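Biologist: I should like to learn how to read this structure. Please take me through its features in turn.

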Amino acid sequence: MKDHTLLELLEDAARKLSMKVEYDDLRKGEVNTPGGAFRLRDERRILIHKGLSAAEKAELLTEILSDFDTEAVHLPTEVRRRLEEARARSREAGESGAGPAA
């Protein structure tokens with residue numbers, strides 16, 4: 001699947017989850033982030049650095065959306081697979097960081 005197509009499908013999924021996706025320059029001044037999700041008033045929003053490539057934007061949006069329940073949203077198989085892979089990576093990272101130090 002092409003990066004631009006994937007990005008459009010992910011943006012659509014975010015809208016279906018009542019999340020507004022915006023792009024802005026997030027690498028100016030003291031700010032240096034690729035983006036993230038936040039709540040402003042009663043709106044859920046995703047803000048992504050506009051200078052990222054389509055592939056990087058899609059990867060970041062996949063990571064962000066993997067934290068939300070997307071079961072009720074119709075998604076193409078490829079998009080759902082990528083979200084599940086991101087969830088699995090997140091669980092693995094959480095498990096490797098959990099527990100007492102040896």
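The dialogue below treats the sheet, the helices, the core and some single residues.

Modeller: This is a predicted model, in which local features need pLDDT of at least 70 and side-chain atom pairs count only at pLDDT 80 or more, while totals for chains, interfaces and linings use all residues. Residues are numbered from 1 along each chain as its sequence is written, and side-chain values use heavy atoms, with hydrogens and water left out.

Biologist: What is the order of the strands in the open sheet, and which pairing does the sheet have?

Modeller: Helices (H or I, at least four residues) and strands (E, at least two) are DSSP runs, numbered from the N terminus. Two strands pair if DSSP finds at least two bridges between them. Here 3 strands form an open sheet in the order E1-E3-E2, with mixed pairing. Strand E1 (19-24) and strand E2 (35-40) are the edge strands, each pairing on one side only. From one strand to the next, the twist averages 25°; axes are lines fitted to C-alpha atoms, for helices over the stretch in contact, and angles run from 0 to 180 degrees between N-to-C directions.

Biologist: In which sense do E1 and E3 pair, and in which sense do E2 and E3 pair?

Modeller: E1 and strand E3 (residues 43-49) pair in the parallel sense over 6 bridges. Along this pairing, Met-19 stands opposite Arg-44 in E3, and Glu-22 stands opposite Leu-47 in E3. E2 and E3 pair in the antiparallel sense, also over 6 bridges. There, Leu-40 has Glu-43 of E3 as its bridge partner.

Biologist: How many residues of E3 are buried?

Modeller: Buried means under 20% relative accessible area, exposed over 50%, and partly exposed in between (1.4 Å probe, protein chains only). E3 is mostly covered, with 5 of its 7 residues buried.

Biologist: Which strands do helices H1 and H2 lie across?

Modeller: Contact means heavy atoms within 4.5 Å. Helix H1 (residues 3-16) lies across E1 and E3 and runs at about 135° to E1. H2 lies across E1, E2 and E3, running at about 150° to E3.

Biologist: What span should helix H2 have?

Modeller: The expected span of a helix is 1.5 Å times one less than its number of residues. Helix H2 (residues 54-65) has 12 residues and should therefore span 16 Å, which agrees with the 16 Å between its end C-alpha atoms. Its buried residues include Ala-54, Leu-61, Thr-62 and Leu-65.

Biologist: Which residues touch the most other members of the largest nonpolar core?

Modeller: In soluble globular proteins, nonpolar side chains tend to be buried together. A nonpolar core is a set of buried Ala, Val, Leu, Ile, Met, Phe, Trp, Tyr and Cys residues joined through side-chain atoms within 4.5 Å. Of the 20 residues in the largest one, Leu-10, Ile-46, Ile-48, Leu-61 and Leu-65 touch the most other members. H1, E1, E3, H2 and helix H3 (77-97) each supply at least two residues of this core. Beyond four places in sequence, Ile-46 touches residues including Ala-14, Val-21, Ala-37, Leu-61 and Leu-65.

Biologist: Are Thr-62 and Glu-63 buried or partly exposed?

Modeller: Thr-62, found in helix H2, counts as buried because its relative accessibility is 4%. Not counting residues up to four places away in sequence, Thr-62 touches Leu-10, Arg-82, Leu-83 and Ala-86. Glu-63, which also lies in helix H2, counts as partly exposed because its relative accessibility is 27%. Leaving aside its neighbours within four places in sequence, Glu-63 is in contact with Ala-86 and Arg-89.

Biologist: Where are Ser-18 and Arg-41 found, and what is the phi of each?

Modeller: Most residues other than glycine have a negative phi. Ser-18, in the loop between H1 and E1, has a positive phi of about 60° although it is not a glycine. Ser-18 counts as exposed because its relative accessibility is 55%. Arg-41 is in the loop between E2 and E3 and has a positive phi near 55°. The hairpin of these strands has 2 residues between them. At 73% relative accessibility, Arg-41 counts as exposed.
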